[in-house]
Amino acid sequence: MSDTGEVTSGTDEVLAGVGPRLRRIRKEREATLAGLSQATGISVSTLSRLESGLRKPSLELLLPIARAHQVPLDELIGEPPVGDPRVRSKPIQRHGRTYWPLTRQPGGLQAFKVLVPRSKQEPEPRSHEGYEWLYVMSGKLRVVLGEHDVVMVAGEAAEFDTRVPHWFGSTGEGPVEFLSLFGPQGERMHVRARPARS
């Protein structure tokens, strides 16, 4: 077989896998064809034909779908090559705190390691859309959530709806280091505390 024939065959295999992948990603996100159509501006019939393999995928169709699902384009086209899995991120300084991003993908669930230096601050609770999970690695973390004002120590975790006014920081006794996972509203973490027995 010529080189051209091999390339064409490889391309056909990749394109043949796009439809099932589109359907799988949409199902994983519990999205309907109608909802995806509204988000992308692509008709339901075109989306259905793409998923069934009756319509050849193009960049004009795949780009808005990738944007709607918040996934990189190569995830729709094929399985990404396995590379170095380590996340190498530069620390970000904000409001006297240091943040290390632990996730690479924009949108969806975001993870950070946070270091708050020893400081005595007056809590200023704020609220916004989302859901957050915290895990204290070292030091003591003061958490103000609604009417609750608690101090968490290393090894303790908390999760909460960020629409409830909240604030967290140093107790003033020393620095605190913790992990923060933040997701859009409705995207709950898969870490759950065991329910208390009644």
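Author: Leu-22, Leu-36, Leu-47, Glu-51, Ile-65 and His-69 line the largest cavity. Here a cavity is a set of points, on a 1 Å grid over the protein atoms alone, where a 1.4 Å probe fits but cannot get out, and a lining residue has an atom within 4 Å of a point. Bear in mind that this is a predicted model: local features need pLDDT of at least 70, side-chain atom pairs count only at pLDDT 80 or more, and totals for chains, interfaces and linings use all residues. Residues are numbered from 1 along each chain as its sequence is written, and side-chain values use heavy atoms, with hydrogens and water left out.

The space in this cavity comes to about 40 Å³, where a volume is what probe spheres set on the points would fill, with grid points joined across faces, edges and corners. Counting cavities of 30 Å³ or more gives one. Four of the lining residues are nonpolar, one is polar and one is charged (nonpolar covers Ala, Val, Leu, Ile, Met, Phe, Trp, Tyr, Cys and Pro; charged covers Asp, Glu, Lys and Arg; the others, Gly among them, are polar). Helix 3 (44-52) and helix 4 each bring at least two residues to the lining; helices are DSSP runs of H or I with at least four residues, strands are runs of E with at least two, and both are numbered from the N terminus.

Some of those names come back in the largest nonpolar core. That core has 14 residues, and Leu-22, Ile-42, Leu-47, Leu-50, Leu-62, Ile-65 and Leu-76 touch the most other members. Helix 1, helix 2, helix 3 and helix 4 each give two or more residues to this core, and helix 4 gives the most, with four. A nonpolar core, by the way, is a set of buried Ala, Val, Leu, Ile, Met, Phe, Trp, Tyr and Cys residues joined through side-chain atoms within 4.5 Å, and buried means under 20% relative accessible area, exposed over 50%, and partly exposed in between, with a 1.4 Å probe and protein chains only.

Now for the loops beside these helices. Glu-30 sits in the loop between helix 1 (3-28) and helix 2 (33-40). Its phi is near 50°, a positive value in a residue other than glycine, and Glu-30 is exposed at 73% relative accessible area. Gln-70 lies in the loop between helix 4 (59-69) and helix 5 (73-77). Gln-70 isn't a glycine either, yet it has a positive phi of about 55°, and at 48% relative accessibility it counts as partly exposed.

For another kind of space, look at the largest pocket, which holds about 770 Å³. Of its 20 lining residues, His-95, Arg-97, Tyr-99, Arg-126 and Phe-168 are the closest to its centre. A pocket is an open set of points with protein on both sides within 12 Å along at least five of seven lines. Strand 1 (92-94), strand 2 (97-101), strand 3 (110-116), strand 8 (166-170) and strand 9 each supply at least two residues of this lining. By class, the pocket lining has nine nonpolar, five polar and six charged residues.
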